[in-house]
Amino acid sequence: IKQPVSVEVVRLDSAIFEPESAYILAHIQDFYTKYPDFFDVYTSRILRVGGLESRYFMEYFKLFLANPDIQESYDSVKILYNDFSKQKKEIDVAFSYLKTYFPELVVPKIYTLISGFNESIVMTDSAIGVSLDKFLGSESSFYQRLAIPRYTRKRLDNDLIAVEIVRNWVSSEFLNTDSVKNLVSAMISNGKVLYLMDAAFPTSTDFQKISYIQSEINWAKKNEKYMWAFLIEKKLLFSTDEREIRKYIDDAPFVSTFGENCPGRIGAWIGWQIVRSYMDRNPEVTINQLFKNRDNQQILIESGYSPN
């Protein structure tokens, strides 16, 4: 690693939930002053209680702080994340790799927060909000009570925080920069993001980087050549039909085309294998050059991708 990075982490969760709520409400203006780049995003976009200028802001914010389920979730967060140093170290190392490949990239500030089980990761230009109550483990009783689908719960394990932060940030920076909008281009664009996850998390497993479980990776490998043959035979690779593209790229319990054992986002997984093949066959191409190349059709051709 050429550029060691230390990401700034702001514990907005404990800053808000540790003091008595009356104290927080009396000093709410201080939070807006202290965290100007994120506090309004937190209250308006994540909690949806409006900003300080909103008429009923104080009442809504008070209700949020006093909610017994929210309080209970914060108690669980305290147990799991009282010490955030392990996660910070993983984030630091990942961004150090990214900064080495892309020196011009601005490293974001990380805010840990309680979102009331809203969005897991929230992005702004310079900051990332991480809802720690959305990383309590895929088997958390909270998520079962909230009826969060099992296929999305796979992303909510506490050992995936660094991976999810970096994947979301990388996606916001680099996804959908291809010059043509068709299925194979979307696959390769997502594959580039996952290839960058290879670089940022060299010791992590494939199932952690794509948030699958091991059996889903096994299924994908076993059926890779059949899926690829099907996409070619049905002339789907160059389809510009947005619904068709989303079927293979978006999060879903499974991809109906290939049956109930096929994990969602299988198009991204195949795109990942194409990019890996391309980079293996073209060792002179740097990661920076890979991302500057917006001709995903060319990447497909030069990858020589042909699963056995």
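Helices α15 and α17 are roughly perpendicular to each other. This is a predicted model, so everything I say about it is computed. Helix α15 covers residues 266-281 and helix α17 covers residues 296-303. The angle between them is about 65°, and their axes are 8 Å apart. An angle from 65 to 115 degrees counts as roughly perpendicular, which is why this pair gets that description. As for the hand, α15 passes α17 in a left-handed crossing.

Helix α7, residues 85-101, packs on helix α11, residues 183-200. Here the angle is about 115°, with the axes 8 Å apart. That makes α7 roughly perpendicular to α11. The crossing of α7 and α11 is right-handed.

Next, the salt bridges. Side chains of opposite charge can pair when their charged atoms come close. How many salt bridges does the structure hold? The count is 19. I will go through three of them.

Start with Asp 69 and Arg 145, whose side chains meet at 3.9 Å, N to O. Asp 69 belongs to helix α6, and Arg 145 to helix α8, residues 141-145, so the bridge ties together parts that are 76 residues apart in sequence. Asp 69 itself is partly exposed, at a relative accessible area of 41%.

Now Lys 154 and Glu 216. Their closest N and O atoms are 2.8 Å apart, in a salt bridge. Lys 154 sits in the loop between α9 (150-153) and α10 (161-174), while Glu 216 is in helix α13, residues 214-233, so this pair links parts 62 residues apart in sequence. Are these two residues buried or exposed? Lys 154 is buried, with a relative accessible area of 15%. Glu 216 is buried too, at 12%. The cut-off for buried is under 20% relative accessible area.

Arg 155 is in the loop between α9 and α10, and Asp 251 is in the loop between α14 (242-249) and α15, so the pair ties together parts that are 96 residues apart in sequence. Arg 155 counts as buried, at 12% relative accessibility. Asp 251, on the other hand, is partly exposed, with a relative accessible area of 32%. This bridge belongs to a network: salt bridges that share partners join Arg 155, Glu 164, Arg 167, Asp 251 and Arg 265.

Back to helix α6, residues 68-81, for one more residue. Lys 78 has its place there. It counts as partly exposed, at 36% relative accessibility. Which residue is 64 positions from Lys 78 in sequence but 8.3 Å from it in space? That is Ser 14, with the distance taken C-alpha to C-alpha.

Last, the surface. Tyr 56, Tyr 60 and Leu 63 form a nonpolar patch there. Together they have about 350 Å² of accessible area. Of these residues, Leu 63 lies in helix α5, which runs over residues 57-66. Leu 63 is exposed, with a relative accessible area of 60%. The threshold for exposed is over 50%.

Among the salt bridges, Arg 155 and Asp 251 are part of a network. The nonpolar surface patch includes Leu 63.

How values were computed
Residues numbered from 1 in each chain as written. Predicted model: local features only at pLDDT ≥ 70, side-chain atom pairs only at ≥ 80, totals over all residues. Heavy atoms only, no water. Patch = residues over 30% accessible without salt bridge, like charges linked within 9 Å, V, L, I, M, F, W, Y side chains within 5 Å. Areas by Shrake-Rupley, 256 points an atom, 1.4 Å probe, with all protein chains shown as cover. Salt bridge = Lys/Arg side-chain N within 4 Å of Asp/Glu carboxyl O. Helix = DSSP H or I, 4+ residues; strand = E, 2+ residues; numbered from the N terminus. Buried < 20%, exposed > 50% of the residue type's maximum accessible area, 1.4 Å probe, protein only. Axes fitted to C-alpha atoms, helices over the stretch in contact; angles between N-to-C directions. Parallel < 35°, antiparallel > 145°, perpendicular 65-115°, else oblique. Left-handed = near helix turned anticlockwise from the far one by under 90°.
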